[in-house]
There are 2 protein chains.
Amino acid sequence: MNLVLLTEQDLESSHGNLWRARIRDVRRYSHITRIHGAKVGDSLKAGILNGPIGQAQILQLTDQEILVELNNLELVSPPALPLTLMLGLPRPKMLKRIFQTIATLGVKQLYLINSYRVEKSYWQTPFLQDDAIHEQLILGLEQGCDTQLPEVHLIKRFKPFVEDHLPDLIGHSRALVAHPYTEAPCPRELNKPVTLAVGPEGGFIPYEVDMLVRNGFTPITLGQRILRVETAIPFLLSRLF
Amino acid sequence: MNLVLLTEQDLESSHGNLWRARIRDVRRYSHITRIHGAKVGDSLKAGILNGPIGQAQILQLTDQEILVELNNLELVSPPALPLTLMLGLPRPKMLKRIFQTIATLGVKQLYLINSYRVEKSYWQTPFLQDDAIHEQLILGLEQGCDTQLPEVHLIKRFKPFVEDHLPDLIGHSRALVAHPYTEAPCPRELNKPVTLAVGPEGGFIPYEVDMLVRNGFTPITLGQRILRVETAIPFLLSRLF
């Protein structure tokens, strides 16, 4: 937790630009007291969800809660990536880590999309419930020192999404699909918006790649090595931006 | 498993350039039969550990083992990264994934190094036993379609390693230490060997960074976002090479 991220429920009162917040949940309480070893008077880097970043000074620390006062809320989050990321729905056990990773890296628009190689049962996982997604995104934001919550969209039908909604979504961005069996290397350091599609385990099937290409996507490859999705995401984003 | 990786123990006999192998372990057996759904006569991409890559044709499939014949062993692994990677020893639960990731990405020299912020108990984890490391490296190679086993070195004392061994190890490579609190951005697309040091959770302490700098390292940053080590590694390697 490189940033203490406070939500509306934590915030208590405003006095001009000063806010107080009470941290009552076990996860943050024990992280702040045990890992940071923070004491009354200490200041921690803190931000308000979808708001500014400053310092949280500890006013009181009981065995129930931490009362903090927010000061110098004058910083903003690091710039978001100019990216819309479309991922073939990964297997459930990978989801928590992927939500964290995209939030840490600054992705703000994530579309999890069905595909031929996505097992139908994956859509039933509790990790896709709103609360569960939110929890992991918060962890990722705390890691990346960012307060701006990403939006996650669940797209259970591939074809109507690609044909009816994707063209608008792409807009003027560069649309790329990561596909191991193509020749064009992933471009580097693009200074423009990107819509990036990454297949599920085993990749998009040729029919799906063709449909993406017909709707404006260019296939690109990361080379001979086939990466797991949680490795491919930071690898792709580091290269593109 | 994008490549069936065969070891000496699997190989049975040679007939000129042809080899046979028996796959008897549950992990590979069930992956090949259940996930690939392979049958007698099918060919799978296969390689010999530290050797060439070709095809494995299934000759027999019993409920005990898969007998394959290796053909066209004429391909080589994707190029290794010209990199020596030094990592502050991560917490044990991250180790399995990190060994897999570095093997998939083509790192061949990994030094896990002690640092002030590494908890002493981490060195006791069973995940650092030779067999445990080997197992995860194999999984990573199978993912990345590579047969060349990385070397993992455990360095339990920071100072003598940095002062006495590191200068030789660096040689003529570019020596970089990833450090969040510096100005210089990580260079892109270096076409030369790199020695890269990445701190443990919480980073190297200033004393350690100073010692690395005195021994030839340049601090570089990935920006304002602080990445977990398993995200930072693909991110750094994608940018550097």
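## Helices α2 and α3 of chain B

In this predicted model, helix α2 (residues 92-105) and helix α3 (residues 130-144) of chain B have axes that come within 7 Å and cross at roughly 40°. Axes are lines fitted to C-alpha atoms, for helices over the stretch in contact, and angles run from 0 to 180 degrees between N-to-C directions. Helices (H or I, at least four residues) and strands (E, at least two) are DSSP runs, numbered from the N terminus. α2(B) and α3(B) are therefore oblique to each other. Angles under 35 degrees count as roughly parallel, over 145 as roughly antiparallel, 65 to 115 as roughly perpendicular, and the rest as oblique.

The crossing of α2(B) and α3(B) is right-handed. α2(B) contributes K96(B), F99(B), Q100(B), I102(B), A103(B) and T104(B) to the contact. Among the α3(B) partners are I133(B), Q136(B), L137(B) and L141(B). Contact means heavy atoms within 4.5 Å. By class, the residues of this contact are 7 nonpolar, 6 polar and 1 charged. Ala, Val, Leu, Ile, Met, Phe, Trp, Tyr, Cys and Pro count as nonpolar, Asp, Glu, Lys and Arg as charged, and the others, Gly among them, as polar.

## Helices α4 and α5 of chain A

Helix α4 (residues 158-170) and helix α5 (residues 206-214) of chain A cross at roughly 10°, and their axes come within 10 Å. That makes α4(A) roughly parallel to α5(A). On the α4(A) side, the contact uses F158(A), K159(A), V162(A), E163(A) and L166(A). They meet Y207(A), E208(A), M211(A), L212(A) and R214(A) of α5(A). This contact has 6 nonpolar, no polar and 4 charged residues.

## The two chains

A rotation of 180° with 0.0 Å of shift along its axis superposes chain B on chain A, with an RMSD of 0.0 Å. That is the relation of a two-fold axis. In chain B, the C-alpha nearest the axis belongs to F235(B), 2.5 Å from it. Copies are superposed by least squares on the C-alpha atoms of residues with pLDDT of at least 70 in both. Of the interface residues of chain B, 100% are also interface residues in chain A, so the copies meet through the same surface.

Helix α6 (residues 229-240) of chain A packs against helix α6 (residues 229-240) of chain B at about 40°, with the axes 8 Å apart. α6(A) and α6(B) are therefore oblique to each other. Their crossing is right-handed. T231(A), P234(A), F235(A), L237(A), S238(A) and R239(A) meet T231(B), P234(B), F235(B), L237(B), S238(B) and R239(B).

L236(A) sits in helix α6 of chain A. L236(A) is buried, with a relative accessible area of 1%. Buried means under 20% relative accessible area, exposed over 50%, partly exposed in between (1.4 Å probe, protein chains only). Leaving aside neighbours within four places in sequence, L236(A) contacts A178(A), C186(A), L196(A), V198(A), I220(A) and L222(A). Its C-alpha lies 9.6 Å from that of T221(A), 15 residues apart along the chain.

T221(B) is in the loop between β12 (218-220) and α6 of chain B. T221(B) is buried, at 10% relative accessible area. Not counting residues up to four places away in sequence, T221(B) touches H179(B), P180(B), T182(B), E183(B), A184(B), P185(B) and C186(B).

## Basis

Residues are numbered from 1 along each chain as its sequence is written, and chains are lettered from A and ligands numbered from 1 in the order in which they are written. In this predicted model, local features need pLDDT of at least 70, side-chain atom pairs count only at pLDDT 80 or more, and totals for chains, interfaces and linings use all residues, while side-chain values use heavy atoms, with hydrogens and water left out.

Definitions and conventions. A crossing is left-handed if the near helix is turned anticlockwise from the far one by less than a right angle, and right-handed if clockwise.
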